[in-house]
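Please keep the sequence and the structure open while reading.

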Amino acid sequence: MTALLDRLEHDLATLADRCAPQISGQVLRYDGLVVESSGFPASPGDLCQIFPRHAAAGTEPIEAEVIGFSNGKNLLFLDTAGAQITLGDPIVLRRSGRVCEVGPELLGRVIDASGAPLDGRPAPRPSDRWPLGGKPLNPLARTPVREVLDVGVRILNSAMTIGRGQRVGIMAGSGVGKSVLIEMMTHNTTADVIVVGLIGERAREVGDFVSRVMTGEAAQRICVVAVPADRSPLLRLRAANRTTAIAEYFRDQGKDVLMIMDSLTRVAHAKREAGLALGEQPTAKGYTPSVISLIPALIERCGPGLPGQGTITALYTVLADGDDTTNDPVVDSARAILDGHMVLSRSQAQRGIYPAIDLPASISRVMNDIVSPEHVVASQKLRRMISLYMDNRDLMLMGGYSAGQDKDLDKAIALWPQIEAFICQLKSEKVTFEESATQLIKLVGGSNEQA
């Protein structure tokens, strides 16, 4: 009976789409990814289906999205590259792709860019709708970042405190512990809702991550949107927008949301592929101008809401090709708009220091506004000692430094074993914000000395 009622509710919800007059066209040109069709009334973002006439019986129609117009013809981007399409195949306009289904029914679920389930369970039937591109907010009406978000990671809680509504980038090359750090924060955070977008990752990693985080009570406050690297660039872009839209919905409900997008670089790659296919001119490192405009548009949707609403604390992983965290266009664009960034160090990872956060190269732009002055001074001391030690490490190893030449460096050397133990944290370990602040102040000696 329950299944019958669910089916009836779904049929009623889609009745308008199914009873609407059919708008159609036909394929005029196809290059393996972009389809040009005869003109019919549609706007960018609308979703269509292409019905191959020469396909085997029972073949599913091919999904496509309208992305623009040219010379009175529609341009469609396929969800599946290399589909068997022939000249004259019919195209039917199905529905607008500018709205997505949202609701508490998505918690504990793993879905794809279209909202279909990937976890082997029945399709969720969310009751609410939200614009895929978000709802603009008056920047002057937004509440400021004033409260700490406990992420359960000692080095972040203590020396790079994250606020509720802050947008932070995790910048690093491949294989230095981004996924492990994300997993730790997902398990340990005090946020009400966690929305994770796995965009352009390897399919194996998607399965491993989901199996690790979707366990226990924490799974009931997590929604995962996953689109692996082998999917269409339009699907990856749609997944990034759906992830953000789900987070916006829960913020509108008054929830404190932790949104994690892994990775912003793969979203930029998808936009680059789409732009090049449409004839945009490549600029730095082959990125098209639309990529640079996409990044702030996506990031600015997150953050604090209006009075009475919740917050979206957003974490974006940003891949740095060849560990170059200074000259990559995506890294630069993201760093300019984010409220802070953490850089992961390959040299620390190689020495077994996890999480491998390069504290002197990382910054939280809201930390000084949300923690006590004593905490701020202690974090500055820790940064200075780590910077002094790392800058002079090679000199010390060669025997070129003698104790007594620099009292600050002498203190950093004396405290280094404790500092290293403070930075390191097991994946299964949780350290609260209060514990992290207390341990930091105890480690560096409080605020009695000059920072």
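## Asn-392 and its helix

Asn-392 lies in helix 12, which spans residues 373-397, and in this predicted model the side chain of Asn-392 reaches the backbone oxygen of Leu-388 at 2.8 Å. Looking from Asn-392 to another part of the chain, its C-alpha atom is separated by 9.9 Å from that of Ile-413, a residue 21 positions away along the chain.

The UniProt record, in an unreviewed entry, places the feature "domain: T3SS EscN ATPase C-terminal" at residues 371-441. In the model, the span 371-441 is 72% helix and 0% strand, and its end C-alpha atoms lie 13 Å apart.

## Division into domains

The chain is divided into domain 1, covering residues 22-93, domain 2, covering residues 99-368, and domain 3, covering residues 375-446. Between domain 2 and domain 3, the contact takes 28 residues from domain 2 and 25 residues from domain 3. The centres of these two domains, taken over C-alpha atoms, are separated by 30 Å.

## The interface of domain 2 and domain 3

About 2400 Å² is buried between domain 2 and domain 3, and carbon and sulfur atoms give 58% of that area. The polar side of the interface can be described by counts as well: 14 residue pairs are in polar contact between the two domains, with both residues of each pair at pLDDT 80 or more. On the side of domain 2 that touches domain 3, the elements giving two or more residues are helix 3 (154-159), helix 4 (178-188), strand 17 (363-364) and helix 11 (367-370). Helix 3 gives the most to this side of domain 2, with five residues, and the residues of the side as a whole divide into 14 nonpolar, nine polar and five charged.

## Salt bridges

Which residue meets the side chain of Arg-154 in a salt bridge? The partner is Glu-429, with a nitrogen to oxygen distance of 3.7 Å between the two side chains. Side chains of opposite charge can pair when their charged atoms come close. Across the interface of domain 2 and domain 3, two salt bridges are found, while the structure holds 25 salt bridges.

## Backbone details

The peptide bond from Asp-262 to Ser-263 is cis, with omega near 10°, and Ser-263 lies in the loop between strand 13 (256-262) and helix 7 (264-277). The peptide bond from Tyr-354 to Pro-355 is also cis, with omega near -5°; Pro-355 is placed in the loop between helix 10 (346-350) and strand 17, and strand 17 is one of the elements on the side of domain 2 that touches domain 3.

A further backbone detail concerns Asn-71, which has a positive phi of about 55° although it is not a glycine. Asn-71 has its place in the loop between strand 4 (62-70) and strand 5 (73-78).

Terms used:
Residues numbered from 1 in each chain as written. Predicted model: local features only at pLDDT ≥ 70, side-chain atom pairs only at ≥ 80, totals over all residues. Heavy atoms only, no water. Domains from an automatic or database assignment. Contact = heavy atoms within 4.5 Å. Buried area = accessible area lost by both parts, 1.4 Å probe. Salt bridge = Lys/Arg side-chain N within 4 Å of Asp/Glu carboxyl O. Polar contact = N/O pair within 3.5 Å; in protein donor to acceptor, adjacent residues only side chain to side chain. Helix = DSSP H or I, 4+ residues; strand = E, 2+ residues; numbered from the N terminus. Nonpolar A, V, L, I, M, F, W, Y, C, P; charged D, E, K, R; others polar. UniProt positions renumbered as here; feature names shortened; annotations may be inferred.
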